Amino acid sequence: MTPLSDDHFGGALDGLPEALRAALPSPLTPVADERFAARGLELLLKRDDLLHPALPGNKWRKLVPNLLAARRRGDEALLTFGGAYSNHLRATAAAGRLLGLATVGVVRGDELARRPLNASLARCAAAGMRLHFVSRSEYRERADPAYRAGLCERLGLPPGTLVVPEGGSNDRAVHGCVALGRELRGAADVVAVACGTGGTLAGLAAEGPPVIGVPVLAGGFLGAEVTRLQREAFGGPRGTWRLEERFHCGGYARNTPALEAFARDFEARHGLAVERVYVAKALYAVTTLAAEGAFAAGSRVAVVVTG
Ligand SMILES: *Cc1c(COP(=O)(O)O)cnc(C)c1O
């Protein structure tokens, strides 16, 4: 393991148990891809997927500052929200087990309570996470403080319960992703990242190179959300970022034949498994943008491999 620099969380990682430590900075790997080389561009992969085996990618960067806060406050439990296939719920469950913190996952879809757990939720449960299924309409109240307080009470949770939003994206998580941008500064001219809740983008952009966010959900709501997260974390807008809304391919966990063909071809060219829900869409976006002449010749184009 690389020693942690003071750059990350101002040295606050010192108190982190060995099992939760990560190798920082994550590798930045050049990839020889003729579609980029032909235009005088260099493609670089920022391998955040290698940060931690149980909390891969941006989930480590977003969760650790929340875990440190929970420890500082002496909290006994952590409650958070997610869908049936949420990477964030899995990472939270694993972190709770490693840290000895009770975790509760509020899962969207009360019909799931009557079915056998899918593989992702089974892993959450195996790590000791208590799962609480709610209807889709109740799930929409997840950000309301009064709803959250009532929920903690109904579930009998201790007063020292840290509530973390869906996807883990709060001000602490945004601060945790600032180091990602710092690691890329001077090493890349532009960076692309796939976005769910936008927390990673909000932090990455603050001190990093200009960022292109690639939303994996349809709906065009993310710009306002990133602005809100930056205001919550920094008091106002930070850095240079924009969104490319053309690559959601129908929405969350949706795929198109063109995206699937692109991802398979990328895997064959570079011998690297491409995660389909997020990373494939970011790679597809930058490869399309390169072909469209969106980047100046000589640019180093980084893509964050978030999972
Ligand atoms: C959660 C996740 C994202 C999205 O991060 P946000 O901060 O919610 O935008 C991207 N890629 C992977 C692999 C993820 O698990």
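Predicted model: local features only at pLDDT ≥ 70, side-chain atom pairs only at ≥ 80, totals over all residues.

Visitor: How many bridges join strand β7 to β8?

Guide: Strand β7 covers residues 190–195 and runs parallel to β8. The number of bridges joining β7 to β8 is five.

Visitor: Which strand pairs with β8 over three bridges?

Guide: The pairing in question is in the parallel sense. Gly-213 stands opposite Leu-243 there. The strand, made of residues 241–243, is β9.

Visitor: Is strand β8 largely enclosed by the rest of the structure or open, and how many of its residues are buried?

Guide: Val-211, Gly-213 and Pro-215 point one way from β8, while Ile-212 and Val-214 point the other way, and all are buried. A residue counts as buried under 20% relative accessible area. Strand β8 is therefore largely enclosed by the rest of the structure, and the number of its buried residues is five of five.

Visitor: Which helix makes a right-handed β-α-β unit with β8 and β9?

Guide: β7, helix α9 (residues 199–207) and β8 make a right-handed β-α-β unit. β8 also belongs to a right-handed unit with β9, and the helix in that unit, residues 222–234, is α10.

Visitor: Which peptide bond is cis, and what is its omega?

Guide: The proline concerned, Pro-25, is placed in the segment before β1 (28–31). The cis bond runs from Leu-24 to Pro-25, with omega near -5°.

Visitor: Why does Cys-249 count as buried, and why does Ala-253 count as partly exposed?

Guide: Cys-249 lies in the loop between β9 and α11 (257–270), and Ala-253 is found in the loop between β9 and α11 as well. Neither is glycine, yet phi is positive, near 55° for Cys-249 and near 60° for Ala-253. Buried means under 20% and exposed over 50%, with partly exposed in between. Cys-249 therefore counts as buried at 13% relative accessibility, and Ala-253 as partly exposed at 48%.

Visitor: What is the relative accessibility of Thr-80?

Guide: Thr-80 is found in strand β3, residues 77–82. Leaving aside neighbours within four places in sequence, Thr-80 is in contact with His-88, Leu-89, Thr-92, Val-104, Gly-105, Val-106, Val-164 and Pro-165. Thr-80 counts as buried, because its relative accessibility is 0%.

Visitor: Which element supplies the largest share of the shell around the ligand?

Guide: There are 15 residues around the ligand, of which Lys-59, Lys-62, Thr-197, Thr-200 and Thr-306 come nearest. At least two residues of the shell are supplied by each of α2 (58–73), β7 and α9. The largest share, three residues, comes from α2.

Visitor: How much of the area that the ligand exposes when taken alone does the protein bury?

Guide: A polar side-chain atom of Asn-58 lies 3.0 Å from an oxygen atom of the ligand, and one of Lys-59 lies 2.8 Å from an oxygen atom of the ligand. Gly-199 places a backbone N or O atom 3.4 Å from an oxygen atom of the ligand. Taken alone, the ligand exposes 380 Å², and the share buried by the protein is 97%.

Technical notes:
Residues numbered from 1 in each chain as written. Heavy atoms only, no water. Buried < 20%, exposed > 50% of the residue type's maximum accessible area, 1.4 Å probe, protein only. Helix = DSSP H or I, 4+ residues; strand = E, 2+ residues; numbered from the N terminus. Pairing = 2+ DSSP bridges. Right-handed = clockwise from strand over helix to strand, strands pointing away. Contact = heavy atoms within 4.5 Å. Near = heavy atom within 4 Å. Polar contact = N/O pair within 3.5 Å; in protein donor to acceptor, adjacent residues only side chain to side chain. Areas by Shrake-Rupley, 256 points an atom, 1.4 Å probe, with all protein chains shown as cover.
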